[in-house]
Amino acid sequence: MTNAYQRKKQPERVRQQLLDVAARLSFEQGIAAVTLDKVSQAAGVSKGGLLHHFPNKLALLDGLFDELVARFDRAIAAAMADDPVERGRFTRAYLTVCFALDAEEEGKGWQVLTIALLAEPHLKARWREWVERRSAEFDATDGSPDCLLARFAADGVWLADLLESHAIDASTRAVLLQKLKAFSLQ
């Protein structure tokens with residue numbers, strides 16, 4: 001017997017939908033509220049469909065981490081490609097991307113991930129590995145204490161944005177970014 005209607009399978013679209021729902025739920029209700037049942041229901045995907053892509057919550061968080069870090073890497077690469085000065089190029093790109101996170105819709109995804117990094121030791125270790133890899137990769141051009149200080153400051157702005165602890169107007173934000181970028185040239 002044949003089925004008169006078969007839905008066309010779109011595994012990448014379904015996977016992305018699951019990640020989007022997990023990010024939204026995490027942002028709205030906290031990372032602890034993200035369960036496989038809630039994600040599958042909110043995404044309109046069967047639990048089996050979710051388990052096909054993500055066998056457990058950690059795999060789902062890993063998928064979200066991978067997606068956001070890949071976007072972060074692409075944004076950094078694009079900013080580096082636009083910068084003709086080699087010394088401190090990675091640091092300036094990192095600053096540019098971190099300062100833009102608050103202004104973009106993607107900032108919500110990073111808020112979710114930052115909360116997950118604090119709550120999930122496995123993800124914290126993965127972020128540390130990313131930082132160590134990039135630090136080693138760009139050590140010759142961005143290994144100075146001034147570049148490190150600038151990246152630490154960017155992390156502080158990122159955290160302040162996440163916590164909404166400081167109301168920084170756009171002009172002050174631009175001045176901070178320029179001052180930190182100047183460190184990368186020293």
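## Annotated region

The UniProt annotation "DNA-binding region", from an unreviewed entry, covers residues 35-54. UniProt positions follow the numbering used here, feature names are shortened, and annotations may be inferred rather than shown by experiment. Helices (H or I, at least four residues) and strands (E, at least two) are DSSP runs, numbered from the N terminus.

## Basis of the model

This is a predicted model, in which local features need pLDDT of at least 70 and side-chain atom pairs count only at pLDDT 80 or more, while totals for chains, interfaces and linings use all residues. Residues are numbered from 1 along each chain as its sequence is written, and side-chain values use heavy atoms, with hydrogens and water left out.

## Overall fold

The protein chain has ten helices and zero strands. Its C-alpha trace spans about 70 × 30 × 30 Å along the principal axes. Of its 186 residues, 40% count as buried (under 20% relative accessible area; exposed is over 50% and partly exposed in between, with a 1.4 Å probe and protein chains only).

The chain is divided into domain 1 (10-55) and domain 2 (64-184), with bounds from an automatic or database domain assignment. Six residues from domain 1 and eight residues from domain 2 take part in the contact, where contact means heavy atoms within 4.5 Å. The C-alpha centres of the two domains lie 27 Å apart.

## Second largest pocket

The second largest pocket holds about 270 Å³ of space. Helix 6 (106-119), helix 7 (121-137) and helix 9 each give two or more residues to its lining. A pocket is an open set of points on a 1 Å grid over the protein atoms alone, where a 1.4 Å probe fits, with protein on both sides within 12 Å along at least five of seven lines; lining residues have an atom within 4 Å of a point. Grid points are joined across faces, edges and corners, and the volume is the space filled by probe spheres set on them.

Among the lining residues are Tyr94, Trp127, Arg128, Asp155 and Trp158. The lining divides into six nonpolar, one polar and three charged residues. Ala, Val, Leu, Ile, Met, Phe, Trp, Tyr, Cys and Pro count as nonpolar, Asp, Glu, Lys and Arg as charged, and the others, Gly among them, as polar.

## Glu164

Glu164 is in the loop between helix 9 (145-163) and helix 10 (170-183). Its phi is near 55°, a positive value in a residue other than glycine. Most residues other than glycine have a negative phi. Glu164 counts as exposed because its relative accessibility is 68%.
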